[in-house]
Amino acid sequence: MELLTEPLITEQPKTVRTRKPGCDKPHIEVENLNLYIQNNHILKNINLSIPDKSITCIIGPSGCGKTTLLRTFNRLHDDSVDVRITGKLFVDCEDIYAKDAEVTHIRKKMGLLAQRPCSLPMSIIDNVVYGPRLHGIRGKRNLYAIARHQLEAVGLWDEVKDRLKTPASKLSIGQQQRLCLARGLAVEPEIILGDEATSALDPISSKTIEELFVSIKDRYTIVLVTHTLRQAKRIADYVAFMYLGELIEFGTADQVFNNPKHKLTKEYISGGFS
Amino acid sequence: MLKGRLRKDKIARHYMLTVTILAMFVLLLIGGGLLFKSWPIIQEKGLWSLLSTSNWRPFKGDFGFASYIISTLYVTGIAIVIALPLSLLTSIYIVEYASPKIQRAFSSGVDLLSGIPPVIYGVWGTLTIVPFISEKLAPNFVEFSTGYSVLAGGIVLAIMIIPLIISILMEVFGAVPKEMREASMSLGATKWQTVKKVVVRKSIPGIVAAVVLAISRAFGETIAVLMVCGNFTDLPKSIFDACYPIPALIANNYGEMMSVPKYESALMFAAFLLFFIIVVFNVISRIVLIQIDKRYQL
């Protein structure tokens, strides 16, 4: 992609949830969701409503099914033959596990941020516009504008503007994670899923990412799986606590951290076990 | 106690180093030996005349290798052109689309294929490919073909290198991290888009390496090609003409007619030529790989 000497700056449309007419459910609603891997019951009858425009953190000890649950939201289990899922999962009132649900359209609605940043094997700018290109946006100017807008949104523009065409793998790991976020935002999702998105980063990079989440939460529904309780305390609006495949407690961050209803939650957040 | 351990460590290292150097030395030994043996004919005819003429009349002292070199390149080229797309699609299907059950069945099938002795491929080619070309295919393009041809050699060779390429490509595609596929898919890419833009792209160095290995193997493949390519010394004008690759030349003639002056030296030169082509080819492809890595850092 050629760089333009005088970049065209266009205001990108703000992505806000475009609520389907007649849909009164929260953005993501999980109904009686069960997940089995071979014969192991991994997720047990999960019921959960994730509200719009806020940060929801899923916490719990290792192996409790947090990540597995997150991955059901954009059907990343589709390719694993051993996995069987029952129950319903509504995204914007559409049951994404219904037979006629179209998976690429569902995934386009969500940006996923993995534990380790995973840049695609191409240049920085091509990474950002990978999604828009897939969905048919053409023209150097348009793509450049998108790339610039999203890189600015994640605070990476100034660091990379002189080397947009170098391989993304040359960036530091913290920069790559922001690049991945920019790449996810470029498809104009409504939901952002983060799977321990800061756990591989140094403290400063992870602080940058956290601040980014907070700054964009008025426009996106953000769901984060996190291992660090402190992170959840810092940025969560809502908290879901899981234990051994069950959803133990869900509530506002204030309520869960300061006034947990369940004994297990209390023990976990006070550091009784991890 | 500690001293003994350390001494063993040292001995092991030096021993392995020696063995490694020895292995490399064999390469030089073979190259040097072949060059030494072929020196008389190079001195008499001159390198350029050996390479550029195609007269082959040992009794009169004419030794021109052009038609053998062309035949070798021709057959190998056709083989890779046929084999690469087929192997690419097959290995993509096996790795990306097939269920684990099919994957297992396929990969053991591929291993089996690469274990079949070349002579069987040769016989099979003679029985099926050769008549097919002479009766069905060639009449559409040329007046007459015996079927023993460049094309027959290319097809048989392609079938022989396909399992090799597939098994390497399966490793290569399998090595692309799952997270990378998920990153692409989570942006709304279809499976095919992911394969095309991420998996294959990431695998380019591996694909190049697979092709290099396959070509090196194809250059040297002797018996199966020899059985179907006609072994006729002339520059092949079309893919339906007979040809005579270098390995076939050596295999057919070495040990016979050694009373003819310079004949042995000429065949040694053929062997050296083959050796040289493969070495140069490998060096070039190594450079290409380094360049790819430098430029794209995949």
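**Entry 1: where A meets B**

I started with the contact between the chains, which takes 24 residues from chain A and 20 residues from chain B; two residues are in contact if their C-beta atoms, placed from the backbone, lie within 7 Å. This is a predicted model, where local features need pLDDT of at least 70, side-chain atom pairs count only at pLDDT 80 or more, and totals for chains, interfaces and linings use all residues. Residues are numbered from 1 along each chain as its sequence is written, while chains are lettered from A and ligands numbered from 1 in the order in which they are written.

Which element gives the most to chain B's side? I found H7(B), with seven residues. Helices here are DSSP runs (H or I, at least four residues), numbered from the N terminus.

I sorted chain B's side into nine nonpolar, seven polar and four charged residues. Ala, Val, Leu, Ile, Met, Phe, Trp, Tyr, Cys and Pro count as nonpolar, Asp, Glu, Lys and Arg as charged, and the others, Gly among them, as polar.

**Entry 2: two helices in B**

Next I looked up helix H5 (residues 118-137) and helix H6 (residues 150-174) of chain B, whose axes come within 9 Å and cross at roughly 135 degrees. Axes are lines fitted to C-alpha atoms, for helices over the stretch in contact, and angles run from 0 to 180 degrees between N-to-C directions.

Among the residues making their contact I noted B:Tyr121 and B:Gly125 of H5(B), plus B:Ile155 and B:Met160 of H6(B). I got eleven nonpolar, two polar and no charged residues there.

**Entry 3: chain A**

Finally, I read off chain A's C-alpha trace, which spans about 60 × 45 × 35 Å along its principal axes.
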